Amino acid sequence: MTSATLLSSETLPPELPPEASAVTTRSRHRAYLRTTLVFDTITLGVAVLVGYFGRFGGDDPRGSDISYLIIAPALVLIWLLSLRGMRAYDDRVLGYGADEYRRVTAASLRLAGGIAIAGYIADVGVSRGFLGISFAVGTVGLVVARFAARKRLHRARARGVGWARQVLVVGDTPHVLELVHTLRREPHAGYQVVGACIPDALLAPVPQRLGDVPVVGSLRGVADAAVAVGADTVAVTASSELTATRLRRLGWQLEGTGIDLVLAPALTDVAGPRIHTTPVAGLPLIHVEAPEFRGARKVVKGFVDRAAAFAALTVALPILAVLALAIKLDSRGPVIFRQIRVGQGGREFGVYKFRTMVTNADALLAELTARNETDGLMFKMRDDPRVTRVGKFLRKWSLDELPQLANVLFGHMSLVGPRPPLPSEVARYDGDVARRLLVKPGMTGLWQVSGRSDLTWEDGIRLDLYYVENWSLAADLTILWKTFGAVINSRGAY
């Protein structure tokens, strides 16, 4: 660790007292929980009404032993209790990814099955059509409502005003800094670092910081340090001094305090499906599967890519014709721009795009090199003078990339994958970056939905390598869905 890493606390502005920070966190958590509960209640109320009017219209229901004025609110109440029973309001999953949606869906389906069985056994004459419509609308509605609430929470977290976990990071200095960087890379995830505990050997007589993270204790006083800074989560990363015995005792010390213990192994950039935990001799051994670059799933991915590209080209033909005419009328030159890129295995191919620049754009590049606004091997400018008027519109909405559907159809590219690099970029690749060439490049990818041109070169490479080693058909569908949002918001498009 360099002297620049450890900074005196006197050089940085004071922070909120731990008590005030903890109160703010709890109030934000309660507010989000109340909002979620209100959204769920309204959604279920609407679902029950849709089920009632969808089955009976304006007529009085007949054949029921119990009035629907009792059945409807009782169903909403039981449904909410079912969600609570499945821990769909647990703060460990609330606002945190697919597990929240799975619990909501499982609670709804189990309740539907339970009511169907109970109704059959008790021979209660409740309309199956009413229940079927209500559960179908309610289940979908709950997922949509949770998704909307989660997006709202993410925006609030990005502004620093949303509910987030207060995290105390524990471990060796390099691993602590790496974990802090990882957590801060995606603020919408909701893990706010409030302090760090490092080995005694790295502590100085005066309060110190790791960057802007205060060092609040050693590895021998983690529980007390967590209480002192108002942390609700202790994230333990790698350290030679954190033995199994010491870690077990830390878990005992945190019992009953309401503080969660999270283990952050040094294993990074590996997705969950590749990780399997197996208990061996009382130890939870983590098995990491090798990345999959060929096989049946690759064949299925290729078939889905080409079928989807063919369907999209067929539907988009009128739009492509209109865009081609606009390009032709706006400036002189060809409508389609063909550029050599490098694909899977280092094989070069011509990528098709609508022309968005003047015809002598390559000749003008040398004059603009000094105005490059990105690091690494790419050239990017927000106000590139080579871009035409129609080109600016096409780039803003990513319409210039539609002809790449032909590349997907021909098998040069995938719908989802790493960004297709130029030969000049590949010539300067080192061993790690060259792993991007193990799969086909994509029209969209993690780089597209994470900021596009706003990303640094390092972040773009990190996302591409993560996709290369952790791709899946389900992840592809998620990225395609997020691409629509990224295009509509025009994030990083220039």
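Predicted model: local features only at pLDDT ≥ 70, side-chain atom pairs only at ≥ 80, totals over all residues.

**Helix packing, close up**

Reply: Helix α2 spans residues 68-85 and helix α4 residues 128-158, and the two pack at about 40° with 13 Å between their axes (lines fitted to C-alpha atoms over the stretch in contact, with angles from 0 to 180 degrees between N-to-C directions). That angle makes α2 oblique to α4, since under 35 degrees counts as roughly parallel, over 145 as roughly antiparallel, 65 to 115 as roughly perpendicular and the rest as oblique. On the α2 side the contact (heavy atoms within 4.5 Å) is made by Y68, I71, L75, W79 and L83, and on the α4 side by F130, L131, S134, F135, G138, T139 and L142. These residues divide into 9 nonpolar, 3 polar and no charged, where Ala, Val, Leu, Ile, Met, Phe, Trp, Tyr, Cys and Pro count as nonpolar, Asp, Glu, Lys and Arg as charged, and the others, including Gly, as polar.

A second pair is α8 (residues 296-330) with α10 (residues 389-396), whose axes lie 8 Å apart at an angle of about 150°, so that α8 and α10 are roughly antiparallel to each other. Here L323, A326, I327 and D330 of α8 meet R389, V390 and L394 of α10, and this contact divides into 5 nonpolar, no polar and 2 charged residues.

Of its 494 residues, 42% are buried, that is, under 20% relative accessible area with a 1.4 Å probe and protein chains only, with exposed being over 50% and partly exposed in between. Among contacts with a separation of 6 or more, 72% join residues 24 or more positions apart.

Residue numbers run from 1 along each chain as its sequence is written. Side-chain values use heavy atoms, without hydrogens or water, while local features need pLDDT of at least 70, side-chain atom pairs count only at pLDDT 80 or more, and totals for chains, interfaces and linings use all residues.

Note on methods
Helix = DSSP H or I, 4+ residues; strand = E, 2+ residues; numbered from the N terminus.
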